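Me: I'm new to reading protein structures. Could you walk me through a few features?

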Amino acid sequence: MKLWYKAPAGDYLEGLPIGSGRLAAMVLGDITHERVALNHEWLWKGVNRERDTEVRRHLLPEVRRLLLDGQYEAGTLKANEAFGCHGDRSGLPNRVDPYQPAGDLYLEFDHGSVSDYIRELELETARATVSYDVGGGRLRREYLAHLVEDLILVRVTHDDLPFNCTTWLNRTHDDDCKLTFDADAQLLTMQGDIRNGVDFQVNAQAWCRGGHVRVLDGRKLAFEGVTEIVFAVNVGVTVGDSSACTECSIRTLPVPVDWDALFQAHVGEHERHYGSLKLDLALDEPALPTDERIRLLRDGNPDPGLCLLYFHFGRYLLCASSANASLPANLQGKWNQDLHPPWESDYHHDVNLQMNYWIAEPAGMQSYVEALLQHVERFVPHARKVAMDLYGCRGVVYPIQTDAWGRATPESFGWAVWIGAAPWLAQHLWWHYAYGLDRDYLRDRAYPFFKEVAAFYEDYLIEDDNGALQIVPSQSPENRFVGAETLPVSLCVSATMDVVLAREALHYAIRSAEILDVDAEKRQQW
């Protein structure tokens, strides 16, 4: 169960991803000039952390009148002007903060030509390795997102032969970010200050065996004649009461380094979660690099074992995105090198976030849902305000598109008038109970959220002339009526998807109340 290749990554997305949930890194595997691209789950630009909504609930009756009258295009436009707010086709800026790269750790090697190059990611140990023959021995670079130490670890050896290596930290140029650097023989430091946003720090602690170390230009380390180097990389971000400097300082690697003990501790923690499911299928696995297997499959050659590998790679990525996380996996997991990533590498609540975690409960990774639960809970206070500001309702409304800051503002004009995000997220809170049967969790965390969702429906649903309850405005995300050209999504009355989400969310509330033996009257209303 591994991905492996006979050449370095051709671009970023061909790299080998590792992660502890809080930290992530992409290993590109170049031979003489390695780049390890770094991320921290809380490193979002931070310029719009306090964005808010205005009171628009007085506009709801006219929107409803148009939609109930069958004037769907006029109602859609009116609703977006009233409740869609910022982003996309509004003419106002999208205020979702983009997920940002923390920078890069570079390793430069002074050696001749190499042979037998192998780059691999072992899914069952969560270890990436680059190795090749050079100078009479095998140079080996190992990479761990250590799940116990919560650090990115890099180890370089050369069969006990001496080698030279120069290392430094850097980050792609950003006009909005001021960088400062420092170095001594044991530590590289890079500090970043984003204008009007967050500040962050990257530390690369260094330890070596044999040889000696020199500081170059005040920001690089040159290792000469060493037989082993270990780097422990940490990233800190100033968020709330936590400072970047403090976060970096509380996680360091004790020296001298016992790599074998570190590796075993890491594998043991990974095995507790990734290893909690076994899928044993009698499938042949050809002795071919992963990219070659993919090429052959695209040419029409069957390789069912590649589907099994893909399944386990998905499980691995969820582990690497969630293990020590307080934020869930975003659109790119936790891996991003771009200052302006596609869709801000954000959280889309109309399936993308949910599908990241579909595998978690049935595949035995229940504890890795915790970051998703915290994300849902983080939004409740502001989601209450938004529900009242926009629709005059109790309960919560979650946005279709958002970031890490717990702000429920609509930021996707043309798509944003949708109230189904909270009930869809509620499904994951219910599954977490269904697979774990923890009554304390149900009482203290899940049921309070189900009641928030139900409270919104109690106020938002309206009766039509026949006495039936209707959801209006309503939409099926990213769908529009044939012939509708004004906006990319059509609003309507009681889209099937909204009806299903409402029915399911109210079912979670009813079943929870029954199990907990509470709120008998509410059960009848729901």
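This is a predicted model: local features need pLDDT of at least 70, side-chain atom pairs count only at pLDDT 80 or more; totals for chains, interfaces and linings use all residues.

Me: Let's begin with the nonpolar core. Which residues have the most contacts inside the largest one?

Reply: The general idea is that in soluble globular proteins, nonpolar side chains tend to be buried together. Here, the largest nonpolar core has 140 residues, and those with the most contacts inside it are Tyr 391, Tyr 398, Phe 449 and Phe 450. Helix H10 (residues 439–460) gives the most to this core, namely eleven residues. A second, separate core has twelve residues, including Leu 151, Val 230, Leu 262 and Phe 263.

Me: What does Tyr 398 touch?

Reply: Leaving out residues up to four places away in sequence, its partners include His 349, Val 376, Phe 379, Trp 418 and Phe 449.

Me: Now a loop residue. Is Thr 125 buried or exposed?

Reply: For this we compare the relative accessible area with a cut-off: under 20% is buried. Thr 125 has 17%, so it is buried. Thr 125 lies in the loop between strand S6 (115–122) and strand S7 (127–134). Beyond its neighbours within four places in sequence, Thr 125 contacts Phe 263, His 266, Val 267 and His 270.

Me: And how do I read a helix pair? At what angle do the axes of H5 and H6 cross?

Reply: We look at the angle between the two axes. Those of helix H5 (residues 290–298) and helix H6 (residues 304–322) come within 10 Å and cross at roughly 125°, which means H5 is oblique to H6. The crossing is left-handed. On the H5 side, the contact is made by Thr 290, Arg 293, Ile 294 and Leu 297, and on the H6 side by Gly 305, Leu 306 and Leu 309.

Terms used. Residues are numbered from 1 along each chain as its sequence is written. Side-chain values use heavy atoms; hydrogens and water are left out. A nonpolar core is a set of buried Ala, Val, Leu, Ile, Met, Phe, Trp, Tyr and Cys residues joined through side-chain atoms within 4.5 Å. Buried means under 20% relative accessible area, exposed over 50%, partly exposed in between (1.4 Å probe, protein chains only). Helices (H or I, at least four residues) and strands (E, at least two) are DSSP runs, numbered from the N terminus. Contact means heavy atoms within 4.5 Å. Axes are lines fitted to C-alpha atoms, for helices over the stretch in contact, and angles run from 0 to 180 degrees between N-to-C directions. Angles under 35 degrees count as roughly parallel, over 145 as roughly antiparallel, 65 to 115 as roughly perpendicular and the rest as oblique. A crossing is left-handed if the near helix is turned anticlockwise from the far one by less than a right angle, and right-handed if clockwise.
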